[in-house]
Amino acid sequence: MLKVGFVGWRGMVGSVLLDRMRSEGDLDSLAVQFFSTSNPGGRAPHGGASAVLQDAREIDALARCEAVLSCQGGGYTSEVFAALRASGWNGYWIDAASTLRLREDAALVLDPINADQIQKRLDDGCRNFIGANCTVSLLLMAIGGLLREGLVEWVSTMTYQAVSGAGARKLTELGSQVGALGAATTDLQGGSAIEVEQAFTRVQTGAAFPVSEIGAPLACNVLPWIDRAMDSGQTREEWKASVEASKILGADPPVVIDGICARVDALRCHSQALCIKLARAVPLAEVRDLLSSGNAWVRLVDNSQEATLRQLTPAAVAGKLDIHIGRLRHLSMGPEYLGAFTVGDQLLWGAAEPLRRMLGFLRDARN
Ligand code: NAP
C-alpha cells in the first residue's frame, strides 16, 4: 500500500479531507501516518489506540513516506518542503497551500477539469501536486462545459466567500461574533426593529467585539477585501483567478477572469455572481446542456424564486459535492453576455476533494 504522511488533518480542510477519506474507504487502501506540528506523540485520529502522531517537523520521519499530503498551511510548506527535498526525498508532495502553486515543477490538481494534464505530469515525473485556490476551482467546476467548448471570452466574477476559507481560527471568531450579537438582543424581546438594529450596531462597533483574527466585524457585515494588496489594485485573491485558472486549463494566452472578492458570514460555501462574455450568442437551452455536461457534479437550478431560495444558497449546498449554478439568463448588455450565480462547498471541491482524488491517481498508478 502507498505510504502517505498526512499533515494538517485537524484544520478545516484537513478534517473535511479525513472525513471524505473515511467515507470513501481510502484509509483501507492507503497506509496513512498522521503528523502534527502541535502535538507529536499524541493519539492519531485513525489506526487504533497505539497509533501516535509523528512530529511534522521531523524530516527523517516525513522522508519515510512515499507521499506527504499537507493541509497545514503555507508557513509549514515554506518551512519543511525545501528541507525535505534537500534531504534527497523524491516522493510526492500534495498540498492545499498556495506556496508552490505557480512553480514550474508543480501541477495544479482539479481532475474533473484537467485529468489529462495531471496524468501527463505524472508520466513526465512531476512530484508536486497542489490544490488550487478554492474560488477558482469552484468557478471552473461550475462553467467547465462552456470553457471546454471555447465559448468563454472573459468572466467577471463577484464573490461572496465563506469564512471557512480563512481557516479554523476565523471561523471560531465568527461564532463568537454571532454569539455577542445574539446576547445583545436577549433583553429586547418584543422590542421594535429599530431597537434591535441599534443594539446589534452598538455591539458590532463596540471595543469589546471580538475581531482579533478577522480584523473587522464579519457577522452581519461584508468585507470586500481578501488577502494582501497587489500593484494592480487587485487583492491577491482576485489576482489568483486568471493566473491559477490559466494554469489549471493550460490556457495560453491566459483566460481573462477578474472581479471583486468579498468575505461574507456564510460558513463553508463560496458563492459567485458571474457575467460571462460568450464568444457568440448561445441560446439558453444550449448553455444549460453544455453546463450540465461539464462534469458529474454540476447541478442546474431553475431561474425561479422557489428553486433559487431552496437550492442556490450557501446553506443549501453546504456539505455537498454538487456545484449548483442558476440565475441563468442573457444580460441586457446583449445575447453574448450570460448572467449566472454559482455556489459550491469550498472545503470539498474547493480544497479537500481534489487532493483526495490525487491520492487516488497515485494509488492507481501503483496497482
Ligand atoms: P486551519 O483550519 O487554520 O488549520 C491549519 C492547522 O492549524 C491545523 O492543521 C492545526 O495544526 C492548526 N490549528 C490551530 N488551531 C486550530 C484549531 N482551533 N482547530 C483546528 N486546527 C487548528 O487551515 P485550513 O483552512 O484548513 O487551511 C490549510 C491550508 O489550505 C492553507 O494553506 C489554506 O490557504 C489552504 N486552503 C484552504 C482552503 C479553505 O477552504 N480553508 C481552501 C483552499 C486552500 P496542528 O494540528 O498541527 O496544530
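How many salt bridges does the count come to? In this predicted model, the count comes to 19 salt bridges. Side chains of opposite charge can pair when their charged atoms come close. The close-up views below show several such pairs.

**View 1. Arg-57 and Glu-79 form a salt bridge between their side chains.** The N to O distance of this pair is 2.6 Å. Arg-57 belongs to the loop between β3 (54–55) and α3 (59–63), while Glu-79 belongs to helix α4 (residues 74–86). The two residues are 22 residues apart, and the pair thus links distant parts of the chain. Arg-57 is partly exposed, at a relative accessible area of 42%. Glu-79 is likewise partly exposed, with 44% relative accessibility.

**View 2. Asp-227 and Lys-240 are joined by a salt bridge.** The closest N and O atoms of the two residues are 3.9 Å apart. The pair ties together parts that are 13 residues apart in sequence, because Lys-240 lies in helix α9 (residues 236–249) and Asp-227 in the loop between α8 (193–204) and α9. Lys-240 counts as buried because its relative accessibility, 7%, falls under 20%. Asp-227, in contrast, is partly exposed, with a relative accessible area of 35%.

**View 3. Glu-306 and Arg-310 form a salt bridge.** Their closest N and O atoms lie 2.7 Å apart. Both residues belong to helix α11 (residues 305–311); they are 4 residues apart, so about one helical turn separates them.

**View 4. A network of salt bridges links several residues.** Its members are Arg-20, Glu-24, Asp-26, Glu-353, Arg-356 and Arg-363.

Note on methods. Residues numbered from 1 in each chain as written. Predicted model: local features only at pLDDT ≥ 70, side-chain atom pairs only at ≥ 80, totals over all residues. Heavy atoms only, no water. Salt bridge = Lys/Arg side-chain N within 4 Å of Asp/Glu carboxyl O. Buried < 20%, exposed > 50% of the residue type's maximum accessible area, 1.4 Å probe, protein only.
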